[in-house]
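I opened this notebook to keep track of what I looked up, one topic at a time.

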Amino acid sequence: MTPISPAAQGLTAEQVEQSRQKHGSNLLTMKKRRGFFRQFLDSFGDPIIKVLLAALAINILFLFRNFDWYDSAGIAIAIFLATFVSTLSEYGSESAFAKLQEDAGRVSCRVRRAGIVMEVPISDVVTGDIVLLQAGERVPADGILIEGRLKVDQSALNGESREAEKCPGFTGDANDFMSRSHLFRGSIVCSGEGVLAVQRVGDSTFYGRLAGEVQEETRESPLKIRLGQLAKTLSKIGYLAALLVAAADLFYFLLVKNGMNINAMMHRLSNNPYLFFEHLMHAVMLAITVVVVAVPEGLPMMITVVLSSNMRRMLKDNVLVRKLVGIETSGSLNILFTDKTGTLTRGQLEVTAFVGGDGMEHKSQSRLKRKKELWDLIELSGYFNNGSTMSAGRAVGGNATDRALLKYVSPGNPVLRNSYIKKDSVPFDSSIKFSAARIAPASTSAGTREFNLVKGAPERILPFCNRYFNEDGRICPLPGRLHLENKMKEMTERAVRVLALAVSDTPVSAAGDFSRLILVGLVGIRDEIRPEARAAVKQVCDAGIQAVLITGDNKETAAAIARETGLIGKSGRHEVITSGELASMSDDEIKRRLPFIRVVARALPSDKSRLVRLSQELGLVTGMTGDGINDAPALKKADVGFAMGSGTEVAKEAGDIVILDDNIASIAKAVLYGRTIFKSIRKFIIFQLTMNLCAVGVSLIGPFIGIDTPVTVIQMLWINIIMDTLAGLAFAGEPPLAEYMNEPPKRRGEPVLNRYMLHQILCMGIFTVILCVSFLKLPRIHLLFRYAGDPIYFMTAFFALFIFAGVFNSFNARTYRINLFSHLRKNPLFLIIMTMVAVIQLLLIYYGGSLFRTAGLTLGELRTVLLIAFLVVPADCIRKLVLRLFGRKGNI
């Protein structure tokens, strides 16, 4: 028995403590996490919420004077719901690192200390420890393999699905996953046994550095920036309008009512000193009402509603939204960094072609099976010369190539397979690049003979082949190798991995001393492109989004995938670079070349984070896909992180959106939903600000035309409910239209209000104000509504006009088209809500009484009001036609 060296005996208890003091523990440092209540308080810093809080404070100051507590309660409820739902959604985003710690804390490992093997939690591992590893165990720290031989799965760290072979005695970069001797925390041992000497623990490990990056704060979303700008604009407009209305109200009471005579006004005030205070309070109350109407208190709630409702719809399309704001952000993407495996491809290797020794390519498996003699050789090779086995209809064990080959020849011919037994084998090793199996007849039955099956890299096998099996299974001379080399080059350009199958007349040893091999053929294996990938990539690119493939594959394979999926076109400057080339570039150079980069091959996890950072510095809204632990920092750092449903839990926790089917087509759908949501918000704002402008305009002009209070406070509250809550629900159901994907993405800081919106708001707001003022002032209108008898009927008609004009304007706001019914059937909730508003308004007209200052109108009066209110529809159609006439069709 070989004695264990002193170093391999492990650390003593005293050395363990010294190492922990010097190098730290194997725990990952966790930054203090904000609690739910703290996040809830922080959400009150939202710009729109701040404006609402100011309006609420002003309202409460005068609450006890007029007892109109309804509006105060409405604002308070709107603030609470918007902040609470937002906090609830965002609270889960900080659990990514907690999940990382939780996963790590569950694992224990075997260490040798002072010559004794013991099991300890991985948090107790220190630098210098000797760790024993075997199949199924997780590597607890970074270090070097000093004994044994292992195959490890590093896919969670570097995204590579291919198992890495590790053995002692090799030097290299301690941060290079390709290093033959270095092992990394978080990777899993697939086969073999070995001994690890720990070199780095805790935050110093590659895994630990990723954990630190996951905790970094992300920047503000584009939606929050836009809403902040909108809040400042609307608050200024609201407060200015309030001052103007208050001044107009005082002007009316103090001057207009006194015949514009200052002496008469002073005389009246001197006789009743409290009269000025009463007028001032009336003006202040009117100003507060205008502020409440002007401030979009329903906007935060509307945004929450539209995000939540679309979240449920997106789930049906395999898009699970973890963070609500991620939906809208996805619609603003300028650049998307995407994985290959599972996203553009199916995520599993498959045999896609077989090339015979004569150069004939067989893509159809069913036709190849008709060549019975040749197929029997393929099946025997795929079944016996293989490290995988079939279990419950699935290929398990071995490497991905073995599993693909076994699946290809299964279920197979049981009579053929039972006719042979495996005598011995040479397992595949990357150093010799082949595997072999010797099979012999299971009995002395006729028609069977002993085979030495060989499978490996073509460059290893083909030089020793001088014969091949033709389609009838007969052995023929091999007419050179040039035709096969050309075929291999063609297959490689299509990202196909090629294996050679051959038969040897003599036994094959591990040294690979074979000669005079008989070629069975070349097997083409690849991770097939998803059928919908090309169309999805085209959709993303047509939407103005730059898609960049980041993969661990070599440059040629990555470029082939990019060409096949349409990431690289036939025209234009499209660059394919490697991780090494990227590392040699300065940040400024990458920024210059970034618009042309389409593929980054042999990519490292650090490349992803760097590209996200540089893209954001250029002002781009950045998206990142990922599935492994190594992707978590980039997923969190990106403006929107798309985690794959088959990926690690840590990646899902770090991402904003989980793509349940790992499909780029689902990412395209998320982009479409994001754009739809932003358009829904814009439609709602057009409707609300048009009514706001009308309400403020009428309140401002009313006193000058002899109408003290055109709209009462209670009526204003009903108008507010329509504008905020009900309209928010109505516009939340707007359908995603494919045409949105033909528009360029919105800039990160692009204002919510664009020129088209301002044009519609101003034109229709001013038109509605003129309509309302004309209604209030024209004598002919007065005669239509029994004004001479009692003005209550006339004021009821005006109230109805204001509401129904708003209802008709909502149809104008939801589409830039002349046809107001365009796609309306796809949003039935809009019709239901607007119908409900109309019905409630009719009930208020006939049953509102003194509370709403209404009295029942005749059928003729009601018809007249509806016709006058409907004028906003042809007016907006004329506006749209004029825009088109001058070549400014515009869009929301």
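My entries on this structure follow, beginning with the ground rules.

**Ground rules**

I am working with a predicted model, in which local features need pLDDT of at least 70 and side-chain atom pairs count only at pLDDT 80 or more, while totals for chains, interfaces and linings use all residues. Residues are numbered from 1 along each chain as its sequence is written, and side-chain values use heavy atoms, with hydrogens and water left out.

**Cavities**

I searched the whole structure for cavities of 30 Å³ or more and noted seven. A cavity here is a set of points, on a 1 Å grid over the protein atoms alone, where a 1.4 Å probe fits but cannot get out, and its lining residues have an atom within 4 Å of a point. Grid points are joined across faces, edges and corners, and the volume is the space filled by probe spheres set on the points.

I then turned to the second largest cavity, which has a volume of about 120 Å³. I found 15 residues in its lining, and those nearest its centre are Lys 683, Leu 737, Tyr 740, Arg 814 and Arg 817. By class, I noted five nonpolar, four polar and six charged residues in that lining; Ala, Val, Leu, Ile, Met, Phe, Trp, Tyr, Cys and Pro count as nonpolar, Asp, Glu, Lys and Arg as charged, and the others, Gly among them, as polar.

**Salt bridges**

How many salt bridges does the structure hold? I noted 44, a salt bridge being a side-chain nitrogen of Lys or Arg within 4 Å of a carboxyl oxygen of Asp or Glu.

I looked up Arg 417 and found it in a salt bridge with Glu 379, where the closest N and O atoms are 3.0 Å apart. Arg 417 lies in helix H17 (residues 414-418) and Glu 379 in helix H15 (residues 372-384), so this pair ties together parts that are 38 residues apart in sequence. Helices are DSSP runs (H or I, at least four residues), numbered from the N terminus. Both Arg 417 and Glu 379 are buried, a label for under 20% relative accessible area, with exposed meaning over 50% and partly exposed in between (1.4 Å probe, protein chains only).

My next pair was Glu 581 and Lys 555, whose side chains meet in a salt bridge at 3.4 Å, N to O. Glu 581 sits in helix H22 (residues 579-583) and Lys 555 in helix H21 (residues 555-565), 26 residues apart. I noted Glu 581 as partly exposed, with a relative accessible area of 30%, and Lys 555 as partly exposed at 29%.

I also looked up Glu 750, which forms a salt bridge with Arg 682, the closest N and O atoms being 3.2 Å apart. Glu 750 is in the loop between helix H28 (713-732) and helix H29 (755-777), whereas Arg 682 is in helix H27 (residues 664-701), and the two are 68 residues apart. Glu 750 counts as buried at 13% relative accessibility, and Arg 682 counts as buried at 1%.

**Cysteines**

I counted zero disulfides, taking a disulfide as a pair of cysteine sulfur atoms within 2.5 Å. The sulfur of Cys 772 has its closest cysteine sulfur in Cys 694, at 3.9 Å, which is too far for a bond. Cys 772 counts as buried at 0% relative accessibility, and Cys 109 is buried with a relative accessible area of 5%.

How values were computed. 1 Å grid on protein atoms, 1.4 Å probe; cavity = no way out; pocket = protein on both sides within 12 Å on 5 of 7 lines; lining within 4 Å.
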